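Keep the viewer at hand and go through the points in order.

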Amino acid sequence: MTSFTKRRAGLIALAATAVAGSLVLAGCSGSSPSTGSTGGATITLGTTDSIVALDPAGSYDNGSFAVQTQVFGFLFDTPYNSPDVKPSLAESGSFINPTTFEVKLKPNLTFANGDPLNAASVKFTFDRQQAIGASGADGGNGPSSLLANLDKTTVVDDTTVDFHLKVANDQTFEQVLSSPVGPIVDQKVFSPTALTTDDAIVAANAFEGQYTIKSYKVNQLVDYVKNAGYVGVLPPAANAEVVVKYYKNSSNLKLDVESGNIDAAYRSLSAQDIADLKTATDKVTVTTGPGGEIRYLVFNFKTQPFGTGTSTPDPAKALAVRQAVADVINRQALSDLYKGTYTPLYSYVPNGLTGANTALKSLYGDGNGGPSLDKAKAVLTAAGITSPVALDITYNSDHYGPQSGDEYGLLKSQLEASGLFTVNLNGVENVTFSKQAPNDGYPLFQRGWFPDYSDADNYLAPFFPQGGFLHNHYDNPAVDKLISQETGETDAAKRAAEIGQIQDLVAKDLDTIPLLQGAQVIVTGKSVTGAVLDASFKFRYATLTK
Amino acid sequence: MAEKTHAASGGLIRYLVVRFLLIFPTIFILVTLVFFLMRVTGDPITASQGGRLPPDELAQRIHTAGYDQPIIVQYAQYLGQLLRGDFGTTYSDHQPITTVLTTYGTATLELAVYALVVAFIVGIPLGMLAAFIRDRWGDAVLRVLAILFYATPIFFSGLLLKLVFSIWLHVLPVAGRASTTVELKMQELSNPTGIYFIDALRTGDPAALPDVLQHAILPAVTLGLLTAGIFLRLVRTNVIGTLNTGYIDAARSRGVGEYRLVTRHAFRPALIPIITVIGLQIAMLLGGAVLTETTFEWNGLGYQLNHYLQARDFVAVQGIVALLAVIVAVVNFIVDIIAALIDPRVRY
Amino acid sequence: MTAVPAKPRGTWLAKVPVLRELRQSVGVQRFMLLVGVIITLVYILVALLAPVIAPYRFNQLQDASGTFPGSAAPSATHLWGTTIAGYDVLSRTLYASQTALMAIVAAVIISLIIGVLLGLFSGYFGGPLDRILVVVCDAIYAFPSLLLAIVISIMLSRGQSSLWSGIMAAALSISVVYVPQYFRVVRSEVVRIKAEAYVESAKVIGAGNGRVLFVHVLRNSVRTLPLIITLNAVDAFETLAGLGFLGLGIEPSSAAEWGYDLQKAVSDVTAGIWWTALFPGLAIVLLALGISLLGEGLNDLADPRLRRRSAEANEAALELEA
């Protein structure tokens, strides 16, 4: 917990609503959801996700959150086609003093089983998250670290709750309430100190989202039916029933959606599958939306060539090596390898989020996003490096998709073709990788990130301040200070500017080199309409109709 | 055919008791092996949260969960749990291990039975045929076929079969154990058995069973041919072996036809080694199930095992391996009993 | 093909293992053995000559004329096409025979040495150690080898998919499964021979324990070993391929490996790109076929029940010669 406390320790300014951002991503489309009549047909959807737990206190992963998004309600939630959070189960929410965020609930809320959803439920939910996280009853698997800034939750009256924050004016708190830690649970069904089993939750019908679950077999088949009592910010489900089928093998998922055995496929099809399905326009529609997922290359400042922990430490040369690598990389070729399902990324905050820029585009390569060998040579020569630099690059062979090997093989080929580098490439399986990467195990390594919520801060605060996720010995006090400022900045324009400055500063230091940004993709049968993929990065089944 | 004396039957009981008691150390050795092997490869928290949490937070969670304790302490705790009959709850999907074993075990069992049926239907007649026409070109073709059956990796033969029958000809489903609608109906039964053959009948829907069987064809053939190749080879060798014995020569001199010699006289004694091998085949079938189930989305133990392994789900992997060990040990025990009953020389 | 009676040659040639069996065999049996020998030899040649005959390096993505196209159909520049990443399928398929052979050699050597030695000592000295070994071997036999391979590959390499760790993971895990098999065969042979008169007589004339063991037992159990060795060889490279197929194989820029390439090709196949899966797949099947034919051929000749009469006559003649 310490690091999360630290990263929120500098919040200074007063809170306002979350950043409003218009999200535009080249090639993205999202039709508006039909909110009219409820279609009678059941929609079958396939996915390769897997569920860890239905209980929000026991899971912190995309597969479980995808289910929770459909069946639980949040105090704040993201309406369609928007990254903003709006009050959902809440009627309103605001800071009544710098460390108290007060939420007023909508009146007479109930769970689908009739149990009342009141201020006590909210307090129960967050107390429970904290208790289970602290005791380890979640098996170390819960999202409680997202609540690092929450001191305690108190009930004011039946529909009013106060969140007492450790650090004043947390700008991202509303977003946190819409994140995996935020689903409100039924105090009559869930245990306050232990995880509640999936079957118990389903049997008690303790849901309040757009759907309830009619029948449930974990990681095999989940049958959702529309929850008529849903009163959140989203419109009620446009379909009556959705069946989700779980796959392990993405090629089977692809074949089933292509042949019409299922109506839709969401997460994850291989690049080859998507490219092929795009050509099958008579059978399916491929819809892409902005993706929050990013891929980047990390330098360990201690062990990289000329790093502080090597026999020839030299910060200037080390920087020159990083710059030369950035000059030589051809992101478009990497994107082509992924058949466009990943697009080039030129900054730390992905394109589409408020405050994002393309800081690296003008600084490195040919200035237009392409590589430049001359520039790389010039940088290295200027720093006094004449012989080829040996790079040890390690990638995670099974966590960031099946194509990481190809991606890094291409990267190696690009770097070596320049004649400036020799590359020793290693693929390491996930668990070993996750242990070694933050412990000085690898001089250069692959990383990826999927946001907890759609705010630029989630791409900055976890990484660059000391003690963050990367642990690569990068330290720039100016960056740390700006991140603190930005997180508490009430003026939206000013905050966006600060986010831009952070990216510019880090781009000069090259803590990491951003490479690619992933798109969300859903493939639907010809008769299915209404798919919405937006910058909330939550996919809702409720918009689909057949 | 065995001549039984009183001494021999006393020896048999003693042999069976010893043989039965040996099952326990077998399982114990395997479970211990898996326990230590799994622990040195990392922990489930790093597996699931290592790509998301900062290292100190990760270390904190690992400490709370006790995965940083000395491995021998963890082993003692584990044995204590086992003795109390607590097999644990999986880490990566929060299911009691007993549920995991019954849910996925029944699926694997069903697949194994189908595969054995295929293996018998294909392997035994072809093996007899090969013995009948031994050392002729037809025999050579059958033998090469047998080798192709058992030497082609499942992930390649499965892919080819799927390509031909599902993608080109569109006659069989791509993957899964049943269509979604049928599966939903079975899921909504009270107390589904997990064996789709039975559940399909219980739904009362006449279309359910054909649907389930259709889905079973490709996985059963893929896995079954593997064993069929071994059966073919085994039947051929043993039938030829018995054809050369004096007993057959005697029958032949009595004027018994060659066809009848192979199918009746030579086949029955040749069955003994085949029964023995079936025991060993169970282990191989279960091993082959990992790849077959992944190829065809067959929700069985093998399908889950790879997932649990990647998640470093100690509890699940230990449970599944222990179950496999029990099955293999029990089947081998039964096979040994049969072999001992038939041939007294087997006994110690 | 007609059976050509083997002409008597020099005695040293008659003692070279496979050649001797080839001479003994006739008809269909000889044909199958011959095919097995030829396929195996071709693979060994390809493995040795891969750098010469392959048009590109296995990890080459570009040449003087530019970057290779991804998923390109077979053409003059890439005879068997390219993979999605742009690797040349022909080159990778050829180079992968090196990887497969290394895995085979490593696995057979490790399992043979450990299995035979354990079998010899356990069978000869008997006692509680022998009993424990028998139980342990029975237990290990039930262990799914692929699971073991996965765990060993993670342990051995700390998850790093280099050439060496990938091969050793497959070799070691297959050894764990095969050691019990060698152990069983050799041990039962030892137990049988120990009781036989000529070992006793050898002892009487003063031959040491070690000599008695090695000479007599090995000579007598050598008949069943060739089949196990070939099964061991096939399982070794198929386990390597299985690991590759499960995504735990060797990193594509450190070595070519059929299973890895096949796994990458699965989504190609459903998109109508057949060449990336077909060639590595066929390479696996053909090598497995070759080695298995070799093994079965040798087994036919070693098992008197399966041997044809003329072959028996041949062997009798050979034994007279020797």
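1. Start with Arg52(B), which sits in the loop that joins α3 (44–49) to α4 (55–65) in chain B. Bear in mind as you look that this is a predicted model. Is Arg52(B) buried or exposed? Its relative accessible area is 12%, and the cut-off for buried is under 20%, so Arg52(B) counts as buried.

2. What does Arg52(B) touch, leaving out residues up to four places away in sequence? The list is Tyr60(A), Asn62(A), Trp449(A), Phe450(A), Asp452(A) and Phe469(A). With one of these, Asp452(A), there is a polar contact between side chains, at 2.5 Å.

3. Two of those names come back when you look for empty space. Rolling a probe the size of a water molecule over the atoms shows where such space is left.

4. Now go to Gln187(B), another chain B residue with chain A partners. You'll find Gln187(B) in helix α9, residues 180–187 of chain B. A relative accessible area of 15% makes Gln187(B) buried. Its side chain has a polar contact with the side chain of Ser215(A) at 2.7 Å, and the Gln187(B) side chain also reaches the backbone oxygen of Leu221(A) at 3.2 Å. Setting aside neighbours within four places in sequence, the contacts of Gln187(B) are Ser215(A), Tyr216(A), Lys217(A), Leu221(A) and Pro192(B).

5. Chain B has 15 helices and zero strands, while chain C has 13 helices and two strands. The C-alpha atoms of chain B fill a box of roughly 85 × 60 × 40 Å along the principal axes. How much is buried? In chain B it is 58% of 348 residues, and in chain C 58% of 322 residues.

6. Contacts in these two chains can also be sorted by how far apart the partners lie in sequence. Take those in chain B with a separation of 6 or more: residues 24 or more positions apart account for 73% of them. For chain C, of the contacts between residues at least 6 apart, 71% join residues at least 24 apart.

7. Back in chain A, have a look at Ala542(A), in the segment after β19 (520–525). Ala542(A) has 2% relative accessibility and therefore counts as buried. Pro236(A) is 306 residues away along the chain, yet the C-alpha atoms of Ala542(A) and Pro236(A) are separated by 7.2 Å. Beyond its neighbours within four places in sequence, Ala542(A) is in contact with Tyr80(A), Gln210(A), Tyr211(A), Ala237(A), Ala238(A) and Asn239(A).

8. Helix α11 of chain A, residues 373–382, has Ala376(A), Val379(A) and Leu380(A) as buried residues. Why are they on the same side of α11(A)? Because they cover an arc of only 95° around the axis. In general, an α-helix has 3.6 residues a turn, so residues three or four places apart point the same way. The cover over the buried residues of α11(A) includes α8 (315–328) of chain A. The face of α11(A) turned away from the buried side carries Asp374(A), Thr381(A) and Ala382(A), which are exposed.

9. Last, check both ends of α11(A). At the start, a side-chain oxygen of Ser372(A) comes to within 3.2 Å of the backbone nitrogen of Lys375(A). Just after α11(A), you'll see Gly384(A) with a positive phi of about 85°.

Terms used. Residues numbered from 1 in each chain as written. Chains lettered and ligands numbered in written order. Predicted model: local features only at pLDDT ≥ 70, side-chain atom pairs only at ≥ 80, totals over all residues. Heavy atoms only, no water. Buried < 20%, exposed > 50% of the residue type's maximum accessible area, 1.4 Å probe, protein only. Helix = DSSP H or I, 4+ residues; strand = E, 2+ residues; numbered from the N terminus. Arc of directions from axis to C-beta. Contact = heavy atoms within 4.5 Å. Polar contact = N/O pair within 3.5 Å; in protein donor to acceptor, adjacent residues only side chain to side chain.
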